[in-house]
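Colleague: I am new to this structure. Can we go through it in short steps?

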Amino acid sequence: MDQKKIDWQKMDGLIPAVVQDQKTKSVLMLGYMSPESWSQTLEDGFVTFWSRSKQRLWKKGETSGNTLKLSDWKLDCDGDTLLLSVDPAGPVCHTGDTTCFGNDHGRFLDALESLVHQRVADRPKGSYTTNLLEAGLQKIGQKVGEEGLETALEAASGSDERLISESADLVYHLIVLLQARGLSMSEVEQELERRHRS
């Protein structure tokens with residue numbers, strides 16, 4: 001899309017930018033863009049805003065490391081609001097929440113999946129997720145099987161606390177397996193929705 005179509009004058013050189021997770025479609029935050037911050041975003045592929053409080057360009061994650069990698073963008077019909085589709089590297093809000101609009105339990109799974117996605121790309125040394133990924137798909141699949149069996153055993157004869165713990169292990173390893181195959185939990189969710197509608 002042609003950047004010249006953006007109406008920078010309507011609100012004195014700043015326009016709102018709604019930030020959305022490209023995988024989950026969750027709305028993460030609202031920021032403001034200037035022509036300079038927009039150019040910087042397009043140039044390096046990471047979202048940079050104009051900070052109204054600091055009165056300067058502000059690359060999201062410049063201190064926290066929780067950057068927003070631009071995946072796609074759209075301009076609204078009036079040319080004065082951007083919708084940014086991003087891959088977040090960690091929680092977006094300064095409070096530690098996944099979004100600036102508050103967290104819920106489902107959102108934490110989104111954040112965990114985003115973190116695993118980043119591990120797949122970066123492979124940091126010393127990370128358990130990296131070790132799993134480097135062991136290969138067969139090993140990850142084996143871990144999912146083990147955690148599934150342990151979850152079933154706890155359901156049959158264990159405590160609620162152990163059942164929750166083993167279920168958490170199962171979900172984590174399933175996320176790693178899906179990410180290693182280039183798949184996501186949202187695709188699992190879509191399949192469940194499809195079955196529910198059938």
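Colleague: Where does Gln55 lie?
Modeller: This is a predicted model. Strand E4 covers residues 56-59. Gln55 lies in the loop between E3 and E4.

Colleague: Is Gln55 buried or exposed?
Modeller: Its relative accessible area is 53%. The cut-off for exposed is over 50%. Therefore Gln55 counts as exposed.

Colleague: What is the phi of Gln55?
Modeller: Most residues other than glycine have a negative phi. Gln55 is not a glycine, yet its phi is positive. The value for Gln55 is about 55°.

Colleague: Arg123 is not a glycine either. What is its phi, and which loop holds Arg123?
Modeller: Arg123 has a positive phi of about 50°. Helix H2 spans 105-122, and helix H3 spans 128-135. Arg123 lies in the loop between H2 and H3.

Colleague: How does Arg123 count by relative accessibility: buried, partly exposed or exposed?
Modeller: Arg123 has 34% relative accessibility. Buried means under 20%, and exposed means over 50%. Arg123 falls in between, so it counts as partly exposed.

Colleague: How many helices and strands does the protein chain have, and in what order do they run?
Modeller: The chain has six helices and six strands. From the N terminus on, the order is β-β-α-β-β-β-β-α-α-α-α-α.

Colleague: What share of the protein chain is buried?
Modeller: The chain has 198 residues. A residue is buried at under 20% relative accessible area. The buried share of the chain is 37%.

Colleague: Which residues lie nearest the centre of the largest pocket?
Modeller: The volume of the largest pocket is about 410 Å³. Its lining has 22 residues: 10 nonpolar, eight polar and four charged. Nearest the centre are Met29, Trp58, Lys60, Val92 and His94.

Colleague: Which element gives the largest share of that lining?
Modeller: E2 and strand E3 (48-51) each supply at least two lining residues. The largest share is four residues. That share comes from E2.

Notes
Residues numbered from 1 in each chain as written. Predicted model: local features only at pLDDT ≥ 70, side-chain atom pairs only at ≥ 80, totals over all residues. Heavy atoms only, no water. 1 Å grid on protein atoms, 1.4 Å probe; cavity = no way out; pocket = protein on both sides within 12 Å on 5 of 7 lines; lining within 4 Å. Points joined across faces, edges and corners; volume = space filled by probe spheres on them. Nonpolar A, V, L, I, M, F, W, Y, C, P; charged D, E, K, R; others polar. Buried < 20%, exposed > 50% of the residue type's maximum accessible area, 1.4 Å probe, protein only.
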